[in-house]
Amino acid sequence: MNTILILDKDAETGLSEDLKERILRMLKEKAHRIEVVELRRNDVTPCFGCLLCLTKHVGICVTRDKIAEIRNHSNRYDMTIFLTPVVFGHFGSTIKCAIDRGCGCQNLQVMIGYGDDIDDEERSTFIDLTRKHRGAADVVHPGFDKQVDVYLTTSSEDNDAICEAFKKYF
Amino acid sequence: MKKICLINGSLRGKEASSLVFLNSINGMLPDTEFNKDIINVRARVKESYPEDTLKTISRADAIIMVFPLFTYGIPGALMRLLEDYCMYVKGHTYDKAVMVYLVVNCGFPRPEIMVELIRVIKNFCRRLSLDWRFGICMGGGPVAAMTMKVALLNMKYKRAFSAIVADIRTGDIGQKEDYFIKPLIPEPIMLWIKAQYEKKMKAGAASK
């Protein structure tokens with residue numbers, strides 16, 4: 001399986017680094033190919049909403065940057081993992097730019113949020129943003145993304161649980 | 001005079017449906033009564049939004065965010081502004097309850113898909129001790145934008161936008177219900193139009 005892991009370099013924490021290393025280790029043990037992309041907020045250009053990637057230049061983003069390199073080849077991957085800080089129960093801006101620009105592969109996307117200070121409503125909001133609207137629940141572009149899963153970690157125990165859940169992808 | 005900060009969260013410039021809605025609300029806020037600033041999100045921000053921009057937001061009595069739904073959430077560009085504002089506010093103090101309103105649109109006809117987005121903005125308000133008021137969620141973005149220009153057909157939108165203006169005027173402390181406005185064209189027709197448009201564009205792309 002070819003996997004790409006996209007993370008926010010500016011928002012790294014001990015928790016996110018621990019989870020990232022554990023996921024990488026798991027994937028390598030199973031002889032999966034993994035590419036890690038570390039995005040910084042000044043590297044990314046947001047989506048302009050021109051819709052050309054869905055209409056005139058299907059699958060191609062007209063903005064040429066690091067995100068476009070991922071986006072224009074997103075279907076060479078079997079799984080895309082987005083590792084994002086949870087901000088107000090939402091994706092951090094850097095990762096949200098990558099999501100908006102269509103960096104996720106259509107087969108399987110895994111959204112993992114992390115943070116040390118996330119209240120219950122933020123946790124619930126972050127989970128619901130994906131669970132209620134993406135993958136099989138997507139009504140705007142039905143069938144576009146086959147499977148989109150979401151996890152959230154605030155502790156090393158949560159990291160353990162996520163790694164355990166990851167076994168189903170192998 | 002009350003200070004109003006209108007935030008345009010769309011990067012589509014003059015093509016943006018959000019701009020139509022923002023201009024409509026702006027037109028309902030008389031210059032004789034309100035001091036208004038419009039902030040447009042940027043595609044490229046070096047390090048952080050300028051302090052002047054963040055100070056303008058912090059001095060507002062009311063913030064009205066107008067933007068399109070992106071992947072069921074906040075557009076990345078606007079999220080960047082909110083993050084920078086959050087960092088700015090941590091270093092500064094202010095003692096007034098700033099009222100926050102949301103006006104969000106999406107191309108899809110069902111406005112209820114924006115419920116989680118409202119929750120995100122509520123979380124933002126709670127974190128920054130802002131006074132969340134209510135949101136206006138509009139389906140069928142471009143259709144809604146065209147409808148704005150037609151008298152009688154635009155009444156639902158005008159009524160909702162007027163509610164923002166009235167709420168700012170009265171400084172009402174009771175939270176109001178959110179508005180969910182469907183487009184005038186029935187959903188099956190809108191979805192059919194969308195499918196035809198996408199088919200045509202893809203056929204055009206394939207023939208090149």
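Is Thr147(B) buried or exposed? Thr147(B) counts as buried because its relative accessibility is 6%, where buried means under 20% relative accessible area with a 1.4 Å probe, protein chains only.

Hello everyone, a word on ground rules. This is a predicted model, in which local features need pLDDT of at least 70 and side-chain atom pairs count only at pLDDT 80 or more, while totals for chains, interfaces and linings use all residues. Residues are numbered from 1 along each chain as its sequence is written, chains are lettered from A and ligands numbered from 1 in the order in which they are written, and side-chain values use heavy atoms, leaving out hydrogens and water.

Back to our threonine. Thr147(B) sits in helix α5 of chain B, residues 141–147; helices here are DSSP runs of H or I, at least four residues. Leaving aside residues up to four places away in sequence, Thr147(B) touches Leu153(B), Asn154(B), Tyr157(B) and Leu184(B), with contact meaning heavy atoms within 4.5 Å.

Now to where the chains meet. Chain A brings 40 residues to the contact and chain B brings 39. Together they bury about 3,600 Å², 54% of it on carbon and sulfur atoms; that is accessible area (1.4 Å probe) lost on being put together, summed over both.

Across this interface there are 8 salt bridges, each a side-chain nitrogen of Lys or Arg within 4 Å of a carboxyl oxygen of Asp or Glu. Asp128(A) pairs this way with Arg119(B), their closest N and O atoms 2.7 Å apart. On the side of chain A that touches chain B, α4(A) gives the most, with 6 residues.

Conventions:
Helices (H or I, at least four residues) and strands (E, at least two) are DSSP runs, numbered from the N terminus. Buried means under 20% relative accessible area, exposed over 50%, partly exposed in between (1.4 Å probe, protein chains only). Buried area is the accessible area (1.4 Å probe) that two parts lose on being put together, summed over both.
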